[in-house]
Amino acid sequence: MARLAFFLAVLFLASAGMNQVLVIYTGGTLGMVDSKHGLIPSKGFIEQYMKNEMSDLNKTLSSWNETERWIYSEKFNGKQFKYRLKEYETPIDSSSITINDFQTMASWIEREYENYDAFLILHGTDTLAYSASQLSYMFENLGKSVVLTAAMIPLCRPNNDAEGNIRMSLEFLAKYPNAPEVLVVFNNMIMRGNRIYKSATSDVDAFHSPNFPILSYKGLLRKELLKKAPIGKFSVQMKLEDDISVITVHPYIDLKSVKYQLQSRAVIFQTYGSDKMPKQKELESLIKDAIAKGTIVVFASQCRVGRLRAHPFANLGVLNAHDMTTEATLGKLSYLLGKYENSDIIKAQFTTSLRGEMTQQQYDA
């Protein structure tokens with residue numbers, strides 16, 4: 001008994017210096033299981049799979065503290081770390097995610113920020129880009145790695161992409177727990193979270209970063225592209241705004257519908273090409289009136305690659321999304337409108353790169 005107590009004491013002291021990673025399972029295809037109704041989210045499946053099917057990278061020490069459910073790994077280049085899994089009480093399909101879920105994910109990390117060295121969120125693919133973008137703004141002065149990953153094929157199916165995405169995420173967090181960004185790991189790539197979009201419905205090569213380089217492909221990390229460590233104290237901006245409309249410009253556009261949507265606190269117009277909008281005096285008048293009443297109006301290109309040039313509506317007070325994705329533009333507006341009341345501050349902050357979401361120097365030149 002004395003020898004066992006000594007062994008456990010040594011083990012505890014050795015583990016104290018390990019990186020500690022919190023894994024949060026929200027739901028999504030990655031952890032779904034087959035049922036008579038098709039694939040459904042399943043609480044508890046992820047934990048059992050990671051313990052049993054990925055046992056080559058785990059050393060489970062249930063005798064140390066079973067209630068904590070820590071799993072230890074020495075798999076990645078000798079980097080010892082331990083991770084703990086927490087799950088939503090009811091895992092959800094990511095297509096059902098709302099602002100409330102952004103706030104829930106952020107609050108979990110805010111509550112545990114001082115207790116862990118890095119964080120991994122297991123998510124669904126449908127809204128992965130939206131969550132990654134929104135969280136990147138909500139986390140102010142983030143000094144630790146926050147990774148989101150998902151999968152097109154669930155763990156319960158053979159030849160899935162889920163296990164590889166989880167393994168790559170854990171490997172990155174074991175080696176780089178202090179990358180001060182919200183990142184996405186998918187299909188052998190590590191990407192800045194607020195730079196991506198979903199490009200495929202079923203292909204495992206489903207996410208791309210059209211206007212910013214990939215941070216890592218198959219293990220080679222471009223450290224020079226990572227954001228610099230912050231100076232201030234970490235905090236979370238919880239208040240968000242959801243009164244935002246997105247209007248896609250097209251030849252059949254109905255101005256009555258546009259007029260109604262322009263009553264929102266903010267409106268994003270997805271324009272043609274690099275700067276094109278229909279030359280309609282009535283449309284210009286509607287936009288001008290909305291801005292006068294306090295609506296924030298943004299022009300963004302429908303094209304995923306490239307940026308929006310200076311446009312003729314700029315003199316009306318319309319903001320330019322430059323090379324931001326739609327997901328990043330929505331998240332930025334939600335964050336700014338939740339944080340500030342003064343429209344001048346909102347506009348100034350919108351045109352500034354806050355989390356690396358736009359290529360600032362290109363437009364300041």
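Mentor: Let's begin with His-322, which is found in the loop between β20 and α9. Bear in mind that this is a predicted model.

Trainee: Is His-322 buried or exposed there?

Mentor: His-322 counts as buried, because its relative accessibility is 16% and the cut-off for buried is under 20%. Its phi is near 55°, a positive value in a residue other than glycine. Most residues other than glycine have a negative phi.

Trainee: Where else is there a positive phi in a residue other than glycine?

Mentor: Asn-188 is another case, with phi near 70°. Asn-188 sits in the loop between β10 (182–186) and β11 (189–192), and it counts as partly exposed, because its relative accessibility is 35%.

Trainee: Back to the loop between β20 and α9, then. What about Asp-323?

Mentor: Asp-323 lies in that loop as well, between β20 and α9, and it counts as buried, with a relative accessibility of 4%. The side chain of Asp-323 is joined to that of Arg-195 by a polar contact of 3.3 Å.

Trainee: And how far is Asp-323 from Arg-304?

Mentor: Their C-alpha atoms are separated by 8.3 Å, while the two residues are 19 apart along the chain.

Trainee: Okay, what is the sheet that β20 belongs to?

Mentor: It is an open sheet of four strands, in the order β17-β18-β19-β20, and the pairing is parallel. The edge strands, each of which pairs on one side only, are β17 (244–248) and β20 (319–320).

Trainee: How many bridges hold β19 and β20?

Mentor: Strand β19, residues 296–301, pairs with β20 in the parallel sense over two bridges. Within that pairing, Phe-299 has Asn-320 in β20 as its bridge partner.

Trainee: And which strands does α9 touch?

Mentor: Helix α9, residues 326–339, packs on the sheet and touches β17, β18 (266–271) and β19. The direction of α9 makes about 165° with that of β18.

Trainee: Switching topic: what is the volume of the largest pocket?

Mentor: The largest pocket has a volume of about 290 Å³. It is lined by 15 residues, and the closest to its centre are Ile-99, Phe-102, Tyr-130, Gln-134 and Leu-330.

Trainee: Which elements give two or more residues to that lining?

Mentor: Those elements are α4 (99–112), α5 and α9.

Trainee: Why would you say α5 is largely enclosed?

Mentor: Ten of the eleven residues of α5, which covers 128–138, are buried, so the helix is largely enclosed by the rest of the structure. The buried residues include Leu-128, Ala-129, Leu-135, Tyr-137 and Met-138.

Note on methods:
Residues numbered from 1 in each chain as written. Predicted model: local features only at pLDDT ≥ 70, side-chain atom pairs only at ≥ 80, totals over all residues. Heavy atoms only, no water. Pairing = 2+ DSSP bridges. Contact = heavy atoms within 4.5 Å. Axes fitted to C-alpha atoms, helices over the stretch in contact; angles between N-to-C directions. Buried < 20%, exposed > 50% of the residue type's maximum accessible area, 1.4 Å probe, protein only. Polar contact = N/O pair within 3.5 Å; in protein donor to acceptor, adjacent residues only side chain to side chain. 1 Å grid on protein atoms, 1.4 Å probe; cavity = no way out; pocket = protein on both sides within 12 Å on 5 of 7 lines; lining within 4 Å. Points joined across faces, edges and corners; volume = space filled by probe spheres on them.
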